[in-house]
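Subject: Structure handover

Hello,

Here is the structure we talked about. Please load it first, then read the notes below it.

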Amino acid sequence: MPEHAPPVRYEAGVPVYRYWSDPAAPPLSVVRFTPSAHPTPGHAHIHEFPVLLYALRDGGTLCADGRRSEVCAGDIFVVALGEVVEATDASTFTDARGLFFDPAVLGGDGRAPWPAWRGHPLLYPFLHGRPGGMLRLRLPVDRRQVWEHTITAIEAELSTRPAGYRQAATAHLTLLLVEVARLAADVVGELRRSGETVLAEVFDVIEERFGEPLSLRDVARAVGMTPAYLTTLVRRRTGRTVQGWITERRMSEARRLLSDPDLSVTEVARRVGIADPGYFTRVFRRENGMPPRVWRDRVAAA
């Protein structure tokens, strides 16, 4: 796991990792999985951000939801958010690269996509609903060298950090995600056509009303379901709760508003539906790893 993705809590003893949206940190990370890089077995974990694993060589096993997948050269694993991934055999990988990134990196105006798989088409494959939590794609042989060179270019940008490195690394990542979206076209079409109408309604309600007092009960009433049933449905399909998505939308907007130095923290809190500035500060610190004023200072210095 990259240094910018620390565990933020535990669910049934399993650590949950989040990619911090820190303007001073790189927006993506590349982790090399080789026997020398990971000499000891990994551990079960959950992540709340997109992850791609690309295998350069045969060798290794991935396990999610009790299902094991042998890793072969040219495999691309798209790991669903919120799934328990058991990286118990990571030490056996011959050669693979993990790409971890903050979904906000794809937002042209600096806003985190909302919600990720609806706000940006390149993120649809990361909520694929496949059993086991991992979507496995096969990269054509004639494209493998391109992927290897592109990932190496991302690593070079992140290690040296020359002027414009964020934009350059993001451009390389975008090209890879375009190819993933094309390879997953059938899965994406299936997702759009099946069973996601309730989710669409939920996110529409949150989008329309996040700037006012809004609770799980309010959302459930708007979509005609009981709070308990809606909680189960949304958590099963996205790995997060309705309240978690309300908070994420509010924090996404708060990060955008904090870039305006003329807005006070109190006003930002009011605009995202939180009347108590102290509570807003506590939530912002919990979700972003720093208080809103520090975030604003870092944005100004970036």
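A nonpolar core here is a set of buried Ala, Val, Leu, Ile, Met, Phe, Trp, Tyr and Cys residues joined through side-chain atoms within 4.5 Å. Buried means under 20% relative accessible area, exposed over 50%, and partly exposed in between (1.4 Å probe, protein chains only). The model is predicted, so local features need pLDDT of at least 70, side-chain atom pairs count only at pLDDT 80 or more, and totals for chains, interfaces and linings use all residues. Residues are numbered from 1 along each chain as its sequence is written, and side-chain values use heavy atoms, with hydrogens and water left out.

**Cores**

The largest nonpolar core has 30 residues. Leu52, Ile76, Phe101, Trp147 and Ile154 have the most contacts inside it. Several elements each supply at least two residues of this core: S3, S5, strand S8 (75-79), S10, strand S11 (134-138), helix H2 (141-160) and helix H3 (165-183). H3 gives the most, with 7 residues. A second, separate core has 18 residues, including Ala5, Val31, Phe33 and Phe77. On the element names: helices (H or I, at least four residues) and strands (E, at least two) are DSSP runs, numbered from the N terminus.

What does tryptophan 147 touch, leaving out residues up to four places away in sequence? With contact meaning heavy atoms within 4.5 Å, the list is Leu52, Tyr54, Ile76, Leu139, Leu176, Glu179 and Val180.

Tyrosine 54 is on that list. Tyrosine 54 sits in strand S5 (residues 51-55). Its relative accessible area is 2%, so tyrosine 54 is buried. Beyond residues up to four places away in sequence, tyrosine 54 touches Gly74, Asp75, Ile76, Ala96, Arg97, Leu139, Arg144, Trp147 and Ile151. Leucine 137 is 83 residues from tyrosine 54 in sequence, yet the C-alpha to C-alpha distance is 9.6 Å.

**Strand S10**

Which way do S3 and S10 run relative to each other, parallel or antiparallel? Strand S3 (residues 28-33) and S10 run antiparallel, joined by 6 bridges. Two strands pair if DSSP finds at least two bridges between them. Serine 29 has phenylalanine 100 as its bridge partner in S10. S5 also pairs with S10 in the antiparallel sense, over 5 bridges. There, leucine 52 has leucine 99 as its bridge partner in S10.

**Salt bridges**

Side chains of opposite charge can pair when their charged atoms come close. The rule used here: a salt bridge is a side-chain nitrogen of Lys or Arg within 4 Å of a carboxyl oxygen of Asp or Glu. The count comes to 15 salt bridges.

- Glutamate 212 meets arginine 209 at 3.4 Å, N to O. Glutamate 212 is at 35% relative accessibility, so it counts as partly exposed. Arginine 209, at 26%, also counts as partly exposed.
- Glutamate 248 meets arginine 255 at 3.6 Å, N to O. Both glutamate 248 and arginine 255 are buried.
- Glutamate 253 meets arginine 249 at 3.7 Å, N to O. Both glutamate 253 and arginine 249 are buried. The two are separated by about one helical turn because they are 4 residues apart in helix H8 (residues 242-257).

Salt bridges also link Glu207, Arg249, Glu253 and Arg256 in a network. Arginine 249 has a relative accessible area of 2%. The side chains of arginine 249 and glutamate 207 are joined by a polar contact of 2.8 Å. A polar contact is a pair of N or O atoms within 3.5 Å; within protein, one must be able to donate a hydrogen and the other to accept it, and residues adjacent in sequence count only if both atoms are side-chain atoms. Arginine 249 and phenylalanine 203 are 46 residues apart along the chain, with 9.4 Å between their C-alpha atoms.

**One more polar contact**

Threonine 61 is in strand S6 (residues 61-64). Threonine 61 is buried, with a relative accessible area of 8%. Its side chain and that of glutamate 70 are joined by a polar contact of 3.3 Å.

Best wishes
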